Structure formats: structure tokens, C-alpha cells
Amino acid sequence: MLFRSTIVVHTRFAGHIARVDAARAGAHGIQILTMGQMAARLAGGFLAPIDADTLRDVVREAIPETELGELEDIKALPGMVRAVVNTLDKVWRADIDLSSSSHPRLQALAALERNVLRRLPRSMKKPKALVDMACARIAYAPVVLGPIEIQGQSEMPVCWRPLLPALADVVPVTWVAGPRSVPGWVDAKRIEIRRTQPNDATPDLYSCATPQHEVLEAFRWMRALIAEGHARPEEIAIVAASPVDFDDHVLALSQDANLPIHFVQGIKAVATAEG
């Protein structure tokens, strides 16, 4: 299938929003991908970025069989798998070559990285490999990708940056900045910058002592918007950088105030009567 254009988003959730917007606009022939998915599609039809779940399983198998030097005493501790997965992800995104370091711990991490990459499915490649392979097939970008829009990003990991100027040589590339700032490394001569003016909304600040107090103030704000006719219930969102500390309070207050709240991250089964 040939696509007329490609939209690049930062997260899977942003991709869902972009798909809804495209569906409402009746826009056909648009593919919505992350940078990893776009690089993999251009690099080869059977390639894919490394999946987090697969990486976690492979790291769990590789750690016991890898000599980690100074880290040998802690490799069996709880949380080691998660720490290694997060470290490798950050190293790959920052495009750091572990094999070039002489530090003992980085050498141990490099050995673990080699063991992990050897165990991964052959179709899964780390970011740098995908970018190199995609750049080698850059001539196919007009057919495989079409014009490209980068949406919803204030910055981009170092590993993906070399791909953008290479794409800009063969297809139109637009950085949709919106009201956000544009990173200094983006070449405005080769990549179109699309900006919008920020809204004039003035934030109201409240000093709260506890998460429960924050939830109470949020519910008061929400009720005032509905009562005064400034917004409909479906137009109001209550968000937090980490909602875990607030979920129980929101659920309890929602039931007490008879204000049904939709939890986009879901509700724990044990918090319901059935659970």
C-alpha cells in the first residue's frame, strides 16, 4: 500500500489521538508512526525497533550468563532487570558507544549489551542500526513514507536526529512545533517549522498540603466550571504527572460527590465492589 504522508508522534498515546483526528477529518492514506517505527519501515519491511517486553525477557536471560565485574554482586538483586532495561534504553537513545569506554562498569555493560543483542530476534534492531539502514535506503522514502510531519515533540533523542536531514533531502519534512520551542539542532532551512501562538490561559495556583487536598480542589474547580456553564463534563480533564498517588482519593471523592469520573489509565479491580 502506498501512503500519501506520514505523521511521526512521540508516544503510543499521542498516536491514538492523531488517529482519531485523522479519522474525524476523513484523511485517508496517512500512516502514524513513532520515530522507531518510521526508521524500521524505511530500513526494511520485516524490521522493527526493540520491543520493551521482549528486551525485558532477553535481559532476564542474559544477566546470569554475563560476567559483570564490579556489578557481579548485585546482578541477582530485585530490580536489576528493570535497571538494565532502562539503562540500555537510555544508552541507545543517547547513541552512546559502550565498547569505546575503558571504564570497568561500562565494559561490563557493553558485554551485557552484546549478549542481549545476540539473543534478540534478528528482526529487532537498536536505534542506531535502524537509522543507518534507513539512511542507506533513503531513496525509497518518497514511496514508502511520503511527506513527513513531526508532531508533539519539544525534543528528539540523539539517535534519531541524523535521519531527519537525510529525509529532508528527498521528501518535505515539517516540524509541527505548535506553541512549543524548537530545538536548536533542527535545520530550519531544510525542515519547515510550523508554529502556532500559545493560548492566553492564565493558570490558577493553589497551595495544597496533601494529595487528598489537591483532589478536593480539583473537584471544586470542576464543579464550578459545570455549574457556571463554562464547560461540559466531557470537556474537563484532571491530570497529573504521576496519577498513582491520587487515584484512590479521586475514586473515593467521585463516589461521595456523585460525580462519575472516567479513569483513562483504568481502575484497579480491588477498588471495585466486584473485585
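Of the 275 residues in the chain, 35% count as buried, a term applied to residues under 20% relative accessible area, with exposed meaning over 50% and partly exposed in between (1.4 Å probe, protein chains only). The structure is a predicted model, in which local features need pLDDT of at least 70, side-chain atom pairs count only at pLDDT 80 or more, and totals for chains, interfaces and linings use all residues. Residues are numbered from 1 along each chain as its sequence is written, and side-chain values use heavy atoms, with hydrogens and water left out.

The secondary structure comprises 10 helices and 7 strands; these are DSSP runs numbered from the N terminus, helices being H or I of at least four residues and strands E of at least two. Along the principal axes, the C-alpha atoms fill a box of roughly 60 × 50 × 35 Å. Contacts were defined by heavy atoms within 4.5 Å. Among contacts between residues at least 6 apart in sequence, 66% join residues at least 24 apart. The chain exposes about 17,400 Å², of which carbon and sulfur atoms supply 55%, as computed by the Shrake-Rupley method with a 1.4 Å probe.

Helix α5 spans residues 104–119 and contains 16 residues. Its first and last C-alpha atoms are 23 Å apart, close to the 22 Å expected at 1.5 Å a residue, where the expected span is 1.5 Å times one less than the number of residues. Buried positions in α5 are A108, L109, A110, A111, L112, E113, N115 and V116. The buried residues of this helix pack against α3 (52–62) and α4 (80–93).

Q153 lies in the loop between β5 (148–151) and α8 (163–168). This residue counts as buried because its relative accessibility is 4%. Neighbours within four places in sequence being left aside, Q153 is in contact with V8, V9, H10, M35, W175 and R180.

A search of the whole structure found 0 disulfides, a disulfide being a pair of cysteine sulfur atoms within 2.5 Å. C135 takes part in no disulfide, and the nearest cysteine sulfur, that of C159, is 12 Å away. The sulfur of C159 therefore lies too far for a bond from the closest cysteine sulfur, in C135, at 12 Å.
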